[in-house]
Amino acid sequence: MQVGLKIWRYDSKTGDRALREYEVDAPEEATLLDCLDLVKDKHDGSLAYRKSCRMMICGSCGMRMDGGAVLACRVPMYEIAQEGRVPVISAMGNLPIVKDLVVDMDPFWQKMQAVEPWLQPGYDQETEREHVVSQPRMDVIHKESLCINCGCCVSECNSMESDPDFLGPAALAKGFRFVGDPRDARTVERLEHYSDEHGIWDCTRCYFCNERCPKGVDPRDAIAKLGAEAMHHGIDRDMGARHAKWFVTSAKTTGWLRETELVPKTQGIVKSIKEIKFAMSLVPKGKVPPPFPQHVAEDVGESRGLYDLVKEQGRDGAQGIVQGEKALSRLEGMHGHVEHPSHPYDDPRSFPRPFLPGEEADGPSDGAG
Ligand code: SF4
Ligand code: SF4
Ligand code: FES
């Protein structure tokens, strides 16, 4: 088949930048990476890109296709060629370009290092046997353990674009991999650190990282779990945490989000007073709800009941974050694999199903043995 590619060429030494078009004769099973190999072998040996495993394991071949990050070895070209499309290939975003499709991964690794991505157990004495952790306890961090450090999530991260110091989706997902590990003894210290400026609460929840991650890690879900765990441990100094806390209080007390009180509860009285002028400018546009009278929803008992159930079952930490069906259906190579779970809790690899009063819990019960 004939495959057309437009490739952004760039040389950081000279600053030269140009969009070049190539056409290669490729076998029908060719991937984007195979086509780049053909361009380099047969048309232009100066094209620079990274690759190694060619099978979605090493994470080297991250780049953008038509503006979205992909692993080049994961993209089949047959349908694209059949449609006559000529995709635009460029380097990943949010990382400095060295040459053509090769980015400098140093900022990525620095952030990864900042979350201390190694186990810090609370035991240091040798034992006769290894410390065994039950499978259900390890399932909790299975998704986060799938990361291959490709940087596709970082490439598309909105927060990182506006704040290059944001720890970012890959590093934070790695952070949860250790926060959720029952053998790690530095949970609180980690959560304190990840809750600092440029951490958990600086994520804008755009979900692009979940969308682009080729391995189903779902970094945004991991960040949500970190936030829930931080609050569970009383680490709520950040405005983002206070914002989330107020959502819960408001829903529990009235069944509604009391937006007028959201600002003082989140930002404090002094800062709120400074915002009054801005708030007044929103009144004529109908953007400021009347503060009085307090409206209590007719079915407020339902939200209170839900709150009580979450407390009763200890799901006010990461255990309360529901993993999406899509994410679960992407998990591969696990025990008791379920092809398309109809509900996240139907899958034995998920968090344990919440249980109603009178029912029995079926969650992970043991820890490090
Ligand atoms: S959800 Fe958060 S971490 Fe993920 S890409 Fe968006 S801003 Fe970045
Ligand atoms: S979380 Fe996904 S996209 Fe991000 S580095 Fe890991 S494997 Fe790549
Ligand atoms: S070459 Fe290893 S992930 Fe693509």
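How many nonpolar, polar and charged residues does the lining of the largest cavity have?

Analyst: Happy to take a look! This is a predicted model, in which local features need pLDDT of at least 70 and side-chain atom pairs count only at pLDDT 80 or more, while totals for chains, interfaces and linings use all residues. Residues are numbered from 1 along each chain as its sequence is written, chains are lettered from A and ligands numbered from 1 in the order in which they are written, and side-chain values use heavy atoms, without hydrogens and water.

The lining of the largest cavity has twelve nonpolar residues, two polar ones and one charged. (Nonpolar covers Ala, Val, Leu, Ile, Met, Phe, Trp, Tyr, Cys and Pro; charged covers Asp, Glu, Lys and Arg; the others, Gly among them, are polar.) The whole structure holds three cavities of 30 Å³ or more, and the largest of them contains about 90 Å³ of space. On a 1 Å grid over the protein atoms alone, a cavity is a set of points where a 1.4 Å probe fits but cannot get out, a pocket is an open set with protein on both sides within 12 Å along at least five of seven lines, and lining residues have an atom within 4 Å of a point. Volume is the space filled by probe spheres on the points, which are joined across faces, edges and corners.

Around the largest cavity, 15 residues form the lining, and C147, C150, C153, C213 and V217 come closest to its centre. Two or more lining residues each come from α6 (152–155) and α8 (169–179); helices are DSSP runs of H or I with at least four residues, numbered from the N terminus.

The largest pocket holds about 1,100 Å³ and has 37 lining residues, with A244, V248, V310, R315 and D316 nearest its centre. Helices α11 (219–232), α12 (239–254) and α16 (300–312) each give two or more residues to this lining, and α12 gives the most, with eight. By class, the lining of the largest pocket divides into 19 nonpolar, ten polar and eight charged residues.

The second largest pocket has a volume of about 460 Å³. Its lining counts 17 residues, and those nearest the centre are E259, T260, V263, A279 and V288. Helices α13 (259–267) and α15 (276–282) supply at least two lining residues each. Twelve nonpolar, two polar and three charged residues make up the lining of the second largest pocket.
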